[in-house]
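Have a look at the structure first, then go through the points in order.

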Amino acid sequence: MKNQPLTNILNLLKKQRGFDFTGYRTSMLERRIQKRLYSTKQKKITDYLDFLINHPNELDNLIDIFTINVSHFFRNPLTFEYIQKIIMPELLINKSKENDKSLRIWSAGCSFGEEPYSMAIIINEFLEKEETRVLPRIIATDIDKKALKIATAGSYTSKSIKNVKYGLVSKYFDKVDDKFVISEKIKKLVQFSFFDLTDKNREVPPESIFGGFDIVFCRNVLIYFDLDYQKIVFNKLYKSLNKNGYLVLGEAEKPIEGFKHKFRRENKCCKIYKKIG
Ligand SMILES: C[S@@+](CC[C@H](N)C(=O)[O-])C[C@H]1O[C@@H](n2cnc3c(N)ncnc32)[C@H](O)[C@@H]1O
């Protein structure tokens, strides 16, 4: 249950910027608003609401602080290692048996693109070794348009690539001044677009047409939503996956009630789940 000033702020954001944060956890929203109160030197949340009304640019700062974009390449390295060593070979064998040339990946809540590009690097390594002839399609979505712009540019600091193995840094990044720019080859594999995971009117990103994903990443996004919104999102994730497809969650996330029996955890070391049925 959200208090009145908070509800008013969320309504203002929805009306002025089209962002609906009503399904986000109250504690998280309040914590983040407190930071903006401090930065804008407002004493109470009601003062901050007035400030927002009189300084519409502050709405963008608030959106920025609500949509935390923290990410880096190969975040939770064990997860990516498991995908590379176990899941990809299994998927590719099955695809080859079924003469299925498609390989469809969705990074939902992709932030600045580190996650989908990490997956594109893994896939490219398979393609180069001619271990597969699949045609990969990686769709990466977020509600933060600024983050999507940065993702499309693909330019990163050394901090973002701290988990990338040396050989892969020199192979897939161009050093431009103090930045590391992802190579065109990898960029071409990823398609970025806007998609709100809580949108009740759309099941999957329009670019994907029908979903049908082999692997869906939705990491460190669900933690921000209350249970009702998590249900909406899990429903989408489940429907978007192929039979036997994989769902990759963040370290602090797991399938909620109603979805526990629809996914089987792959192993104890990472949050990778196989769709059942
Ligand atoms: C902490 S980042 C996670 C990035 C990446 N998945 C990872 O784990 O490293 C969370 C991302 O979720 C996005 N996000 C928040 N609410 C969203 C929503 N309703 N629909 C789509 N993306 C959302 C944010 O904009 C942010 O970029």
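1. N244 sits in strand β8, which covers residues 241–249. Its phi is near 65°, and that is a positive value in a residue other than glycine. Keep in mind as you look that this is a predicted model.

2. Is N244 buried or exposed, or something in between? It has 13 C-beta neighbours inside 10 Å, so N244 counts as partly exposed.

3. N76 also has a positive phi without being a glycine, here near 55°. You'll find N76 in a loop, the one between α4 (58–66) and α5 (77–97). With 18 other C-beta atoms within 10 Å, N76 is partly exposed.

4. Now step back to the whole protein. It has 10 helices and 10 strands. The radius of gyration is 20 Å, close to the 19 Å that the globule rule gives for 277 residues, so the protein is as compact as a globular protein of that length. The C-alpha trace spans about 60 × 50 × 35 Å along its principal axes.

5. How much of the protein is buried? The share is 34% of the 277 residues. As for how the chain meets itself, take the contacts between residues at least 6 apart in sequence: 74% of these join residues at least 24 apart.

6. The sheet to look for is an open one of 7 strands, with mixed pairing and the order β6-β2-β1-β7-β8-β10-β9. Its edge strands, β6 (190–194) and β9 (263–265), each pair on one side only. On average, neighbouring strands in this sheet are turned by 20° against each other, direction ignored. Helix α7 (residues 145–153) packs on the sheet, where it touches β2 (135–142) and β6. The direction of α7 makes about 165° with that of β6.

7. Residues 102–108 form β1, which pairs in the parallel sense with β7 (residues 213–218) over 3 bridges. β1 and β2 run parallel too, joined by 7 bridges. W106 lets you see both pairings: V216 stands opposite it in β7, while I139 is its bridge partner in β2.

8. Why call β2 largely enclosed by the rest of the structure? Because 6 of its 8 residues are buried.

9. I83 has 23 C-beta neighbours inside 10 Å, so it counts as buried. Leaving aside neighbours within four places in sequence, I83 is in contact with M88 and I122.

10. Last, the ligand. Which of the 21 residues around the ligand come nearest? They are T67, S71, G109, S111 and R219. By type, the residues of the shell around the ligand divide into 7 nonpolar, 8 polar and 6 charged.

Definitions and conventions
Residues are numbered from 1 along each chain as its sequence is written. This is a predicted model: local features need pLDDT of at least 70, side-chain atom pairs count only at pLDDT 80 or more; totals for chains, interfaces and linings use all residues. A residue is near a molecule or strand if its C-beta atom, placed from the backbone, lies within 6 Å of it. Ala, Val, Leu, Ile, Met, Phe, Trp, Tyr, Cys and Pro count as nonpolar, Asp, Glu, Lys and Arg as charged, and the others, Gly among them, as polar. Helices (H or I, at least four residues) and strands (E, at least two) are DSSP runs, numbered from the N terminus. The radius of gyration is taken over C-alpha atoms; the globule rule is 2.2 Å times the number of residues to the power 0.38. A residue is buried if 20 or more other C-beta atoms lie within 10 Å of its own, exposed if 12 or fewer, and partly exposed in between; C-beta atoms are placed from the backbone. Two residues are in contact if their C-beta atoms, placed from the backbone, lie within 7 Å. Two strands pair if DSSP finds at least two bridges between them. Axes are lines fitted to C-alpha atoms, for helices over the stretch in contact, and angles run from 0 to 180 degrees between N-to-C directions.
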